[in-house]
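Keep the model open beside you as you read.

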Amino acid sequence: GVGGQVFMPEVNPKVKQLRGGFAGDLAVVGGLYAETGRLVREAGANVLVAGTYVFHASSCRDAIASLRGANV
């Protein structure tokens with residue numbers, strides 16, 4: 001992929017559908033930051049791949065925590 005991709009909201013219904021019949025890991029890549037991370041976690045994704053958001057953040061630790069759903 002290319003860094004800085006835009007999140008595609010049409011992914012969420014697909015993640016929900018997959019989660020309905022699949023118990024394994026579901027990864028989402030691209031356009032992830034705190035809010036979109038929350039959305040894909042709620043849809044059922046459990047692996048989030050976020051490069052630009054994490055590495056451009058003032059605190060990588062806080063960015064990762066926000067992707068995990070922790071209040072920072």
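The largest pocket holds about 230 Å³ of space. Of its 15 lining residues, those closest to the pocket centre are G4, G30, G31, G51 and T52. This is a predicted model, in which local features need pLDDT of at least 70 and side-chain atom pairs count only at pLDDT 80 or more, while totals for chains, interfaces and linings use all residues. Residues are numbered from 1 along each chain as its sequence is written, and side-chain values use heavy atoms, with hydrogens and water left out.

**The largest pocket**

- A pocket here is an open set of points on a 1 Å grid over the protein atoms alone, where a 1.4 Å probe fits and protein lies on both sides within 12 Å along at least five of seven lines; lining residues have an atom within 4 Å of a point.
- For the volume, grid points are joined across faces, edges and corners, and the space filled by probe spheres set on the points is taken.

- A search of the whole structure finds two salt bridges (a side-chain nitrogen of Lys or Arg within 4 Å of a carboxyl oxygen of Asp or Glu).
- One of them pairs R38 with E35, with 2.3 Å between the closest N and O atoms.
- Why are R38 and E35 about one helical turn apart? Because they sit three residues apart in helix α2 (residues 34–43); helices are DSSP runs of H or I with at least four residues, strands are runs of E with at least two, and both are numbered from the N terminus.
- R38 also bridges to E42, where the closest N and O atoms are 2.8 Å apart. E42 and R38 are four residues apart in helix α2, so about one helical turn separates them too.
- Together, E35, R38 and E42 are linked in a network of salt bridges.
- R38 is partly exposed at 30% relative accessible area, and E35 is partly exposed at 36%, whereas E42 is exposed at 55%. Buried means under 20% relative accessible area, exposed over 50%, and partly exposed in between, using a 1.4 Å probe and protein chains only.

**A nonpolar surface patch**

- V29, V47 and V49 make a nonpolar surface patch of about 220 Å². Patch members have over 30% relative accessible area and no salt bridge; like charges are joined within 9 Å, and nonpolar side chains (Val, Leu, Ile, Met, Phe, Trp, Tyr) within 5 Å.
- Accessible areas come from the Shrake-Rupley method with a 1.4 Å probe, and for residues only the protein chains shown count as cover.
- V29 belongs to strand β1 (residues 27–29) and is exposed, at 57% relative accessible area.
- V47 belongs to strand β2 (residues 47–49) and is partly exposed, at 30%.

**Other places to look**

- A45 and L26 are 19 residues apart in sequence, with 4.9 Å between their C-alpha atoms.
- G3 lies in the segment before α1 (11–21) and is exposed, with a relative accessible area of 59%.
- I64 is in helix α4 (residues 60–68) and counts as partly exposed at 34%.
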